[in-house]
Protein chains: 2
Amino acid sequence: MSETISPPTAPEWHPSTPSKVFRSELNPVDLLRRAAYMYPDKVAVVHGTRRSSYRQLAERSWRLANGLRAAGLQKGDRVAVILPNSPAMLEAHFGVPAAGGILVSVNTRLASAEVGYILGHSGARYLVVDQELDPLVAPLDLSGLTVIRCADTGTAEDPYEAFLAAASAAVPESWLEHEEETISVNYTSGTTGRPKGVQYTYRGAYLNALNEVIVAGLSGDSAYLWTLPMFHCNGWCFPWAVTAVAARHVTMRTVDPERVWALIDEEGVTHYNGAPTVHLMIINQPRAHRVERQVTALVAAAPPSPTLLAAMGELNFRVVHVYGLTETYGPTTVCPEQETWAELAPDERAKLLARQGQAYISSDLVRVVDEEMNDVPGDGETMGEVIMRGNIVMSGYFQDDPATEKAFRGGWFHSGDLAVWHPDGNIELRDRGKDVIISGGENISSIEVEQAIVAHPAVLECAVIGIPHERWGERPKAFVTRRPDAAVTQEEILAFCRERLAGYKCPDAIEFGPLPKTSTGKVQKFVLREREWAGHEGRIGAASSSNR
Amino acid sequence: MSETISPPTAPEWHPSTPSKVFRSELNPVDLLRRAAYMYPDKVAVVHGTRRSSYRQLAERSWRLANGLRAAGLQKGDRVAVILPNSPAMLEAHFGVPAAGGILVSVNTRLASAEVGYILGHSGARYLVVDQELDPLVAPLDLSGLTVIRCADTGTAEDPYEAFLAAASAAVPESWLEHEEETISVNYTSGTTGRPKGVQYTYRGAYLNALNEVIVAGLSGDSAYLWTLPMFHCNGWCFPWAVTAVAARHVTMRTVDPERVWALIDEEGVTHYNGAPTVHLMIINQPRAHRVERQVTALVAAAPPSPTLLAAMGELNFRVVHVYGLTETYGPTTVCPEQETWAELAPDERAKLLARQGQAYISSDLVRVVDEEMNDVPGDGETMGEVIMRGNIVMSGYFQDDPATEKAFRGGWFHSGDLAVWHPDGNIELRDRGKDVIISGGENISSIEVEQAIVAHPAVLECAVIGIPHERWGERPKAFVTRRPDAAVTQEEILAFCRERLAGYKCPDAIEFGPLPKTSTGKVQKFVLREREWAGHEGRIGAASSSNR
């Protein structure tokens, strides 16, 4: 009961940055302060058999902050973390900014050399690394870094726990002076080019956290399941969003679909996010069943197919289609489902839900433009580049002014993604970056071909790339994963395509098998391309910027 | 269907204030732009038999803005409105700031002289007045004002409609340069002192709108019933909050409880706000019945009594207890109901829910301090003044620096309200302003006595004031309204009090009858006091600042 805790003392509720009576700097750290103050005994984190309350999450985060300061952290120092979705990872999202540091959360699926590049480029002075991920850093020279190892056991023998235990649990005095300072740097997962460090501001992280609360419909009795890696765009700001409403974080080191269902049933999970492939994995698990309390699932990276929508609807999962990039704090547009869509035929509804839509509340509405930055016609056919601006755009690339200037040319952030603009103002992606296929001078949207193929009931998922062709330059080729229980031939799929697509858009070849994927479930088209283009020129390079 | 509308054109989606690629000024007007862009055909406003879509609400708001500019409006000009809860009133909340004006929404229950004072003090150059409220301004010299009369008919003969029809429906270019500029001035309802003009900023209004979305749990399928007057703290920022999620506004010129039930049943109302007396009126209406879809009701001005909580629970109404002042954009604290409270006995739960709680997400946590601004002990007993600061505090009193400096002394806003601070960090009001009763040197909380009396099952509502006493200075007197079907004597109520309160806190006298109330349902204790103190000295003056 709430009566048992000790009386408030001044530092706990003092605003982090007293500037004016009527202004406090927007700071995601304050969301945890408030949650711990108002809901101290509420369960904040469930991690296997470990549970911690908001008071505990806060105390542990302040200990991390104070420990870092005791170890010499100066304002703006970069603190890198190489961690799975775990309590330590959540604590880093509060403790590092509470200390005044900048969080650099490293993708745990990278190769050692890539990790080394990020540690070097970010100039990280501190590193928190999970013991299981130690092989990633073992080959690296870490002499310039203070390294804290984490066994993720929560026991006194865990070096991370010892680090916390040695530090003060008091709320650290805030060093934040302005909400436009950098809270984190997230490195893009460039595939052949060097990754770039995307800077998030305190203001942007705070506003996007509130946006996510509203888009996902989070409330105090929500339980959010961490299927999305927190190293990815700071988990789309959900560490801060879930905490803003003092809801429950349910963390998992790896996404095991059977365990997902156990947690849905036992912890009353109400929300999770991911790419379609994550949702596919979950809904196709043998334990899958209709849930009594609706589960909201944000889908990004690719539009939900009619099949996926239908299957999720049957389970009582509400699907929200969102789109964004690392540079936009994760999702920054949402498909605005209209009341009338519920009455449409499933295929028709899926077609509309496949649109990436328009801006989040605190984003500016996005545009689709030609090479001169003129708006393309809103005809649903003319392709252009998606550009963004406003509070939910990064403040720039860390120590890379040329790349920032290029990305911000004309006063807007250039996504590199190609889309059409529908008459209703919604955008619909045609291709991520350079994924467009240019065949005989015609642009073919790989997404359009993919959407046609996944509409086939026997198809689980699909990726289409351009392969070299002597006469046309490129021709589409489809890589298809069949549903476990389904049989379909290449000829049948081709016939299915011809009914739905112009002839020149139909793939020349179809290959069956599993698809290569990133840690976040995005299909790695560059892997397919490298194989198909081996010995050819020009295409590999063009693909390098497609997977920001 | 969304496909039928015309393609987007540049001015509709351009950010209102392009400052940096990664920053747009927070502006509630943009919430309507976005809603109209993404949900153009959704019902935005229901007003009797009239319905308008978000496209129409936006176009009408832009017409109002362009009409004001055509009539000579310069940036920062004050535009006064004397309107009931109606489409014109909603449009003023978007059209006036879209024009670059400052909205001065006048309490429609004031006397002519008070309205005249506000028009003069604010320096309003424009006035929109409802024809039914014309008697309020008829005695005034309006020669310096451009007056637009509104018949609230929506027909071409309505002068307000003619004003809109003559103006452009294009989105007006934004003149906003910084989000800390003033969006509105709301005059406090001082009773004997002069009202003061409370300045809201664009930033504060925007952030509080998002906070209200989250506190009330508004979503795209919500329908918000306008029981709370929009002239009161800009309707607690709900004109902007409801629009942020493109939910439905249901407006009513006056609060008629039978009509409330008709709208709950026919329009699927999911949310409304008000003082306990408004809720009492609604739940005691003969049509009252359990609703299938839960209705969320924010209660302010006085804590919900156990009886009220029980009755609302039976109807499937979720009660959220909030607290604030005009100076804090309406509510700025919320009682954080804990999961464990559901298991408590109704009286025990009501006792905890009577606490005003702690800060909204974007407010700083509030404090309770003594006269030297030191924190009072968190013992639930020591009274002190509630002080606030942060994004949800006014930027000052309009053209009244001395009053602003006094209210902001020590870097915090001084509410004048007295509260205790509980060990769990929640505050609980003991008295609004000077409502405390000082009897023989002891402070008696009038709220505490009221809470004891309304716990009696035969009592509908109650107000307690101090009345003059030769020996003790003051003694409490209770004014009690009995439930329609209940009989209870003064002696029975006194006996009931003696079981619950220290002897010196029990009222010396009890009087039965209806209570005088403000337009927002707050009990007007000053009316009772004036009667009781006629011929005495000192107390009337002390009461003057109690009803900010």
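Reader: Which residue in E8(A) does Asp130(A) stand opposite?

Author: Asp130(A) stands opposite Cys150(A) in E8(A). Bear in mind that this is a predicted model.

Reader: What makes strand E7 and E8 of chain A a pair?

Author: Two strands pair if there are at least two bridges between them. Strand E7 (residues 126-130) of chain A is joined to E8(A) by five bridges, so the pair meets that cut-off. The two run parallel.

Reader: What is the order of the open sheet of seven strands?

Author: The order is E8-E7-E5-E6-E9-E10-E20 (chain A), and the pairing is mixed.

Reader: Why are E8 and E20 of chain A called edge strands?

Author: Strand E8 (146-150) and strand E20 (396-397) each pair on one side only.

Reader: What about the open sheet of four strands, what is its order?

Author: That one goes E18-E19-E21-E22 (chain A), with antiparallel pairing. Strand E18 (367-369) and strand E22 (427-431) of chain A each have a single partner strand, so one side of each has no neighbour in the sheet. From one strand to the next, the twist averages 55 degrees.

Reader: On to the chains. Why is the contact between Glu180(B) and Lys20(A) called a salt bridge?

Author: The rule wants a side-chain nitrogen of Lys or Arg within 4 Å of a carboxyl oxygen of Asp or Glu. Here the closest N and O atoms are 2.3 Å apart, so the Lys and Glu pair passes. Six salt bridges are found across the interface of chain A and chain B.

Reader: Which helix gives the most to the side of chain A that touches chain B?

Author: H8(A), with seven residues.

Reader: How many residues are in contact, and what is the area buried between chain A and chain B?

Author: In contact are 76 residues of chain A and 76 residues of chain B. The buried area is about 6,200 Å², with carbon and sulfur atoms giving 59% of it. There are also 32 residue pairs in polar contact between the two chains.

Terms used. Residues are numbered from 1 along each chain as its sequence is written. Chains are lettered from A and ligands numbered from 1 in the order in which they are written. This is a predicted model: local features need pLDDT of at least 70, side-chain atom pairs count only at pLDDT 80 or more; totals for chains, interfaces and linings use all residues. Side-chain values use heavy atoms; hydrogens and water are left out. Axes are lines fitted to C-alpha atoms, for helices over the stretch in contact, and angles run from 0 to 180 degrees between N-to-C directions. Contact means heavy atoms within 4.5 Å. Buried area is the accessible area (1.4 Å probe) that two parts lose on being put together, summed over both. A polar contact is a pair of N or O atoms within 3.5 Å; within protein, one must be able to donate a hydrogen and the other to accept it, and residues adjacent in sequence count only if both atoms are side-chain atoms.
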